[in-house]
Each structure stands twice: as C-alpha cells, then as structure tokens.
Amino acid sequence: MAGETEKKKIIFSGVQPSGNLTLGNYLGALKNWSILQDEYNCFYCVVDMHAITVKQEPASLRRRTLETLAVYIASGIDPEKVTLFVQSHVSAHAELAWVLNCSTMFGELSRMTQFKDKSAKNESNINAGLFTYPVLMAADILLYQTDLVPVGADQKQHIEIARDIAERFNNTYSPTFVIPEPYIGKTGMRIMSLTEPDKKMSKSDENANSYILILDDKDTIIKKFKRAVTDSNTVVRYENGGGIANLLNIYCSCTGKTIEEAEKEFEGKGYGDFKLAVGEVCADSLEPVRQKFDELIKDTAYLESILKSGAEKASRQAYKTLDKVYRKVGFYKLPR
Ligand code: TYM
C-alpha cells in the first residue's frame, strides 16, 4: 500500500489563512482538491507565511489557521488520504525560498500582476515579502517534487514563474526539481465579485456583499445573490458577460450542468428567478460543509493531531529535496 502511494503523482496546493474562505476558494480550489485526492499523493497546506505579507492581527491569524484546516476537511478532504499541514511548521519552505531567491530575477518578480495589485492596495506596506512572495510559493511547490498544482486562474502566473525558477535551477546545477503543471478547473476557475463582476471574488474585499463565504448561512447567501449586480439585459445568456456570466458560472460549478443546459433551463425566466435559483444551489452545496465545520472546530485536539502528523510527513519529503539542493549549490555539509 505504501509503495502504491509512492508511485502516485504528486499534488501540492495551499490557501492563505488571511480571511474567511470564500466561494471562490471553494469552487476554484478546494472542490478540485477533494476530487483529486484518490488519484494523487496530495500535500495540502495552510500557507500562513504567505499571509503575513499583508498585515495580520496575530490572534486572528492563529485562529484562522486552524479554521482553514477545518474548512479543508469539511470540504471533503480526507486527512487519512492526504497530507495536511501548516507551512510554518516545516521550516524547509523558508530555507528553500532563500536559495531560490538567488535564482530569481528582480525583473520577473516586478512583472507579477498580484504584486502590482497588492502593492496598489497596501501602499503603506509594500514590503520585500510581498515582492518575493512567488519565490516562497515556488519553494512550496518544488520541495515536494510536485507534478500538478490545482489552483484558480489567478494563480497561473505564479505557477509559470515557479516553472521558470525550477528550469533555471536545473540548468545551472543539473536536474533537481520536477517541473510542475497547473491544474485549473473549467467552470470554477475565476469566480468574480457579486457587486463588481470585473473584479475577482476575494476574502480581503471590504464589501461583504461582494463575496459568499463558505460558512455563510442560507439566508445570507440568498440575500447576497439577490443583491448581485446583473446587467441591463433581461435574458439569462452567458454571452451578455458581466454579472450574469459569473452567476451562470457559479450555477454550473455547483450543479455540474453545462452553460447551454443552464441557459435553456432559464429561457423565458427573469433575473429575479435566476438569482434565487443560483442562491439555492450554492447554499445547498455549502450547507454540508458548514455543518461539518461546526463539529470539527470544537475538536482542537483532533485538528492538532492532524497537523502534527502532517508536518512530520511533509518534513520527510521536504528535507530530502532541501538536502539535495544544499549539496548542489555547494553548502558545506558536516559528517554525521
Ligand atoms: P489564495 O489564498 O488567494 O486562494 C486559494 C485558492 O483559491 C483560488 N481562488 C479562486 N479561484 C476562483 N475564483 C476566485 N475568485 C478565487 N479566489 C481564490 C486561488 O486561485 C487558490 O488556488 N498564492 C496562493 C496560495 C499559495 C499556493 C502555494 C497555491 C501559496 N503557496 C503553492 C498553490 C501552490 C494564494 O494566494 O491563494
């Protein structure tokens, strides 16, 4: 059985515990994570070190780290099948990030759209961590010799730079890292804000009506969808773009229907009916997650035991790679 697990291809992914998780995180990432867990050897991480690139209240960060783990499990991720851990518990992430910083160019980091967006939003705190964020993310991925990284479309550029860094390192020092591929689902890849459909739905948005939280209750979800921005047309068609395309995308991600099937279903119906239906299917998808979360979050000892064994398992793989890297770059190793 252990041999079988070792032969499986490797997946790594993570979510920042920088806010409460949204429908975007669920449909863009978590839902795919649980689909992939049987076929792959998966490492799913709570990336707390990435979260502090933006100011965090320490007590909230600590609480949300455990809550994020509970949301992973409540979303159907099985701790018996995958490795679940917290990034700061495996110090190899920070160590590899330093080495990779020295194989990453200032110019390529300057081109990252997330850096540009986040520095525009945090003008008073454009710290070096925000700038080198993609290098830590590359370290996360490359430490596990990852084949596939399931993410939403917004992270594609970060996977591309991780590939470039890995290729550069391999060319300089000899093959060391597997070159990872992104895995981006079809419908949930880019869930947009409900109030400004040209912006991505984000847990850090100031307007609570712009996002659905995974843990929102049914009434709140229905209310938020009722207020969602649509467009000036009256027919439910994807080609109209904007808010309606986003709602169709959410509807299809939650039900597994195609856009054409959904358009047909709402032929002759108004936006009011459509928005209510989207709210219903979304609330129905999230309800079991919320119920499971409520149970799990009470059991700190259980959650901590998962993190403890997760960190041990992850460390074994991570230090294997880090050792190799240290040897290749020429760090002096003392005899044991
Ligand atoms: P984060 O925490 O912003 O988001 C976590 C995951 O959710 C996806 N996502 C979305 N998908 C569709 N629509 C949306 N509106 C939406 N919002 C978020 C993200 O694409 C992501 O998959 N840098 C990463 C965290 C990270 C990571 C990694 C991911 C750190 N190291 C290594 C993969 C591998 C981030 O900020 O995700």
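I took buried to mean under 20% relative accessible area, with exposed over 50% and partly exposed in between (1.4 Å probe, protein chains only). Strands are DSSP runs (E, at least two residues), numbered from the N terminus. The model is predicted, so local features need pLDDT of at least 70 and side-chain atom pairs count only at pLDDT 80 or more, while totals for chains, interfaces and linings use all residues. Residues are numbered from 1 along each chain as its sequence is written, and side-chain values use heavy atoms, with hydrogens and water left out.

**Strands.** I looked up S3 (residues 83–86) and found both faces covered, with Thr83 and Phe85 buried on one side and Leu84 and Val86 buried on the other. In a regular strand the side chains alternate between the two faces of the sheet. S3 runs parallel to S2 (residues 41–46), joined to S2 by four bridges, where pairing takes at least two DSSP bridges. Valine 46 stands opposite valine 86 in S3.

For cysteine 42, the nearest cysteine sulfur belongs to cysteine 45, 13 Å away. Cysteine 282 has its closest cysteine sulfur in cysteine 254, and at 4.8 Å this is too far for a bond.

**Ligand.** I checked polar contacts (N or O atoms within 3.5 Å). A ligand nitrogen lies 2.7 Å from a backbone N or O atom of isoleucine 191, and a ligand oxygen lies 3.0 Å from a side-chain N or O atom of lysine 203. The protein buries 97% of the 710 Å² that the ligand exposes when taken alone.

Technical notes. Disulfide = S-S within 2.5 Å. Polar contact = N/O pair within 3.5 Å; in protein donor to acceptor, adjacent residues only side chain to side chain. Areas by Shrake-Rupley, 256 points an atom, 1.4 Å probe, with all protein chains shown as cover.
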